[in-house]
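This briefing is for a reader new to the structure shown below. It begins with one pair of side chains, then turns to other pairs, the overall form and the surface.

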Amino acid sequence: MGVQLNIKDAETIRLARALAEMTGQPITQAIRVALERELEELDRAKEERLTKLRSIVKRIAHAVET
């Protein structure tokens, strides 16, 4: 089928099981959804930082021109 992931950390296993139980999803699906959400949040945060940096660069460039 696919690549297997062997998690040996007891706390991670506990969290995965708790998440699956709370969401009513199989463990694999609960983990996948959690990872997708985390990656989406990281992408959003990265875009926000880039937007802020671009704004700063524009202000600096404008200040240097004047």
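Glu36 and Arg32 both belong to helix H2 and sit four residues apart, about one turn of the helix. Their side chains meet in a salt bridge, at 4.0 Å from N to O. The model is a predicted one.

**Salt bridges**
- The structure holds three salt bridges.
- Arg44 and Glu41 pair at 3.4 Å, N to O; both are in helix H2, three residues apart.
- Glu11 and Arg14 pair at 2.6 Å, N to O; both are in helix H1, three residues apart.
- An α-helix has 3.6 residues a turn, so residues three or four places apart point the same way.

**Overall form**
- The protein has two helices and zero strands.
- Its radius of gyration is 20 Å, well over the 11 Å that the globule rule gives for 66 residues, so the protein is more spread out than a compact globule.
- The C-alpha trace spans about 60 × 25 × 25 Å along the principal axes.
- Helix H1, residues 10–23, reaches 20 Å from its first C-alpha to its last.
- Gly24 follows H1 and has a positive phi, near 75 degrees.

**Surface**
- Of the 66 residues, 6% count as buried.
- The accessible surface comes to about 6,300 Å², and 59% of it belongs to carbon and sulfur atoms.
- A nonpolar surface patch is formed by Leu53, Ile56, Ile60 and Val64, with about 380 Å² of accessible area together.
- Leu53 lies in helix H2, residues 27–65.

Key. Residues numbered from 1 in each chain as written. Predicted model: local features only at pLDDT ≥ 70, side-chain atom pairs only at ≥ 80, totals over all residues. Heavy atoms only, no water. Patch = residues over 30% accessible without salt bridge, like charges linked within 9 Å, V, L, I, M, F, W, Y side chains within 5 Å. Areas by Shrake-Rupley, 256 points an atom, 1.4 Å probe, with all protein chains shown as cover. Expected span 1.5 Å × (residues − 1). Rg over C-alpha atoms; globule rule 2.2 N^0.38 Å. Buried < 20%, exposed > 50% of the residue type's maximum accessible area, 1.4 Å probe, protein only.
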